[in-house]
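Visitor: I'd like a close look at one part of this structure, please. Could you walk me through the strands and what they pack around?

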Amino acid sequence: PAAWTDVGEPDDFPDGAVWPVVAGGMPIAMFRQGESLHALHDLCTHGNARLSDGYVENGRIECPLHQGLFDICTGAACGGPVTEAVRSYPVRVRDGRVEVATP
Ligand code: FES
């Protein structure tokens with residue numbers, strides 16, 4: 001079963017930014033797009049790079065190493081040299097705290 005990990009308050013994650021957190025012992029890149037929060041595995045599927053070191057643009061995160069693009073909501077690969085989706089994790093807000101579910 002999934003375990004929910006507290007990763008902070010909604011205001012810790014500014015709109016349009018990416019922020020690294022750890023949940024379930026795994027590196028996670030946290031995003032806010034307007035009112036919605038998203039969590040992706042914080043490692044590019046193409047090489048050894050942290051997506052949280054990348055750039056957010058138009059609902060996508062650009063990998064800092066070779067400019068591969070992933071959809072922030074789904075983790076889908078959507079440009080550059082990346083062909084494999086990055087894992088996306090469920091996020092919820094409970095009692096004013098942001099929680100991420102990891103397996
Ligand atoms: Fe991310 Fe190559 S390591 S695009």
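Guide: Before we start, one term: two strands count as paired if DSSP finds at least two bridges between them. Also keep in mind that this is a predicted model.

Okay, let's begin with the pair β1 and β11. Strand β11 covers residues 97-102, and β1 and β11 pair in the antiparallel sense over five bridges. To spot one of those spots on screen, find D6, whose bridge partner in β11 is E99. Now widen the view: β1 and β11 belong to an open sheet of three strands, ordered β1-β11-β10, with antiparallel pairing. On the edges sit β1 (3-8) and β10 (91-94), and each of these pairs on one side only. On average, neighbouring strands in this sheet are turned by 35° against each other, direction ignored.

β11 also leads us to the inside. The largest nonpolar core has 24 residues, and V100 is among those with the most contacts inside it, along with I28, A29, M30, A39, L51 and F70. β11 supplies at least two residues of this core, and so do β2 (18-23), β3 (26-33), β4 (36-41) and β7 (69-71). The largest share, four residues, comes from β3.

So let's follow β3 for a moment. It pairs with β2 in the antiparallel sense over six bridges, and W19 has M30 in β3 as its bridge partner. The hairpin of β2 and β3 has two residues between the strands, and there G24 takes a positive phi near 60°.

Last stop: F70. Leaving aside neighbours within four places in sequence, F70 is in contact with residues including L40, L51, I61, V82 and V86.

Notes:
Residues are numbered from 1 along each chain as its sequence is written. This is a predicted model: local features need pLDDT of at least 70, side-chain atom pairs count only at pLDDT 80 or more; totals for chains, interfaces and linings use all residues. Axes are lines fitted to C-alpha atoms, for helices over the stretch in contact, and angles run from 0 to 180 degrees between N-to-C directions. A nonpolar core is a set of buried Ala, Val, Leu, Ile, Met, Phe, Trp, Tyr and Cys residues joined through C-beta atoms within 7 Å. A residue is buried if 20 or more other C-beta atoms lie within 10 Å of its own, exposed if 12 or fewer, and partly exposed in between; C-beta atoms are placed from the backbone. Two residues are in contact if their C-beta atoms, placed from the backbone, lie within 7 Å.
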